Amino acid sequence: MDITRSGHEPVFCTIVPPHLLDRLSQAENQAVAGAARRTLVQDEANRARRLTTAAGTTRPTIAGTAEEKPNRTIHDAENGTELPGTKVRSEGEEPGQDATVNRAYAGLGATFELFLKSFKRNSIDGNGLPLIATVHYDQNYGNAFWDGNQMVFGDGDGEVFLDFTIPVDVMAHELTHGVTQYTANLTYSGQSGALNESVSDVFGSLVKQYTLGQTADQADWLIGAGLLHENVQGVALRSMKEPGTAYDDDVLGKDPQPGHMDDYVDTEQDNGGVHINSGIPNRAFYLLATRLGGNAWERAGQIWYDVLTGGDLATDCTFADFAKATVDKTAELYGEGDEHEAVLKAWSQVGVPTA
Amino acid sequence: MRIHVKRTGGFGGIERNATIDTSDLPDAEDWRALAEHAVAEGRDTPPVGVPDGFCYQITVDGHTVHCSDPRLTDDQRKLISRVLKEGS
Ligand SMILES: [Zn+2]
């Protein structure tokens, strides 16, 4: 391994060259290429800044211990449930005929790219952990999950959900569950579970925004856009901007997400409503990012990333604990100016106390 | 025999319910064997699931057990998918 070289290599171009994005549209290819050029310019500035903030990180990447490149393997469950299934594409191999495999490979690459370029995190564990995904899981499986070791994607149920590798934010959401497991390890129940979910949505959306080169104002802030069957009345599964408005459909029902603590849902289902109440911290992040403007993965994303990985959160932390941690981190990173005021206001607008 | 399946969680967090009454079905005996196995392999309390995995409650004649993705037994998986597909 050539450590010196790998540390300054244009990783984005290495992992997502245009010929691998064969299933994305030409427009998307151009946006990706644009994002690659921009990140190359930002790279040195970010690297310098991270050196000044790395002291607050409990699990920093130890430079040179692992090559700063993704190590992806995509498996095919062939509509069975054995994991990981048959290996169909390894790192560096050319794309094949299966669009789902190609999308998964590209999506994992895009997610790896954001974590490395923006947050100096080398993979899920910060030390080059291989990225493993299985596609075509089970029959008519309208879901995706992180099993503790790998990502799993279903083809959709043919009625409501399409292939779960279609939205890049969904793939990034699953990979982020791995990052959370290796860092704050938020217990997947109640408020800490909703925070776990929210963090996955936040970084899921940031990967999409980064890939498309969108600022906070340009982003759709949707999770799962393009995932719903055309017959479903809805635009996505969740809206970080306006929780509760993503769908309203005869079969699916209405998006149940609250955007304020006044509407917090107490339930025993879904591990205490982890996919429901995540709307509250999701909206707080959206409010912060849009108030700050510019690229959401820069300041807003940095605050969330540092809190997630900083080692100060209890695994069973509440929304208020998390909110307070973001306020403290903001003061540490940016002082008590605009950013500090923006983060206080964001949490206040969703009814989560910070003091 | 009345079999009810409730599925919660998953990436979308969308609940699904389905019930089937097997009494008048020609394959009622197959249903009964499948349901008995699935319930015997279930748990009294919800197991800790994996992030975004589905959680299931299987209720057979009033007795409820829990299981969750991806650790379903073959009989549980078969029963769940049949009830969700054929039930109402
Ligand atoms: Zn999730």
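Donors to a metal are N, O and S atoms within 2.8 Å of the metal, or within 3.2 Å for Na, K and Ca; water is not among the atoms, so sites may look incomplete. The legends below describe a predicted model.

**View 1. The zinc ion is held by residues of chain A and chain B.** The donors to the zinc ion are H173(A) (NE2), H177(A) (NE2), E197(A) (OE), D52(B) (OD) and D52(B) (OD), at 2.0 to 2.3 Å. H177(A) belongs to helix α5 (residues 168–182) of chain A and E197(A) to helix α6 (residues 190–212) of chain A, so this pair ties together parts that are 20 residues apart in sequence. Buried means under 20% relative accessible area. H177(A) therefore counts as buried at 2%, and E197(A) is buried at 0%.

**View 2. Residues 72–181 of chain A carry a UniProt annotation.** An unreviewed UniProt entry places the feature "domain: Peptidase M4" here.

**View 3. Helix α11 of chain A has a buried face.** The helix covers residues 338–349, which makes twelve residues. From first C-alpha to last it reaches 16 Å, close to the 16 Å expected at 1.5 Å a residue. Its buried residues are E339(A), H340(A), A342(A), V343(A), A346(A) and W347(A). Seen down the axis of α11(A), they fall within an arc of 165°, so they line one face of the helix. An α-helix has 3.6 residues a turn, so residues three or four places apart point the same way. The face turned away from the buried side carries the exposed residues D338(A), E341(A) and S348(A). The cover over the buried residues of α11(A) includes α8 (279–292), α9 (299–309) and α10 (319–334) of chain A. After α11(A) comes G351(A), with a positive phi near 80°.

**View 4. Helix α1 of chain B has its buried residues on the same side.** This helix has 13 residues (28–40), which should span 18 Å at 1.5 Å a residue; its end C-alpha atoms are 18 Å apart, which agrees. A28(B), W31(B), L34(B), A35(B), A38(B) and V39(B) are the buried residues of α1(B). They cover an arc of only 125° around the axis, which puts them on the same side of α1(B). D30(B) and A40(B), on the other side, are exposed. Among the elements that cover the buried residues of α1(B) are the strands β1 (2–9), β2 (16–21), β3 (54–60) and β4 (63–68) and the helix α2 (74–86), of chain B.

Key:
Residues are numbered from 1 along each chain as its sequence is written. Chains are lettered from A and ligands numbered from 1 in the order in which they are written. This is a predicted model: local features need pLDDT of at least 70, side-chain atom pairs count only at pLDDT 80 or more; totals for chains, interfaces and linings use all residues. Side-chain values use heavy atoms; hydrogens and water are left out. Helices (H or I, at least four residues) and strands (E, at least two) are DSSP runs, numbered from the N terminus. The expected span of a helix is 1.5 Å times one less than its number of residues. Buried means under 20% relative accessible area, exposed over 50%, partly exposed in between (1.4 Å probe, protein chains only). The arc is that of the directions from the helix axis to the C-beta atoms. Contact means heavy atoms within 4.5 Å. UniProt positions are given in the numbering used here, feature names are shortened, and annotations may be inferred rather than shown by experiment.
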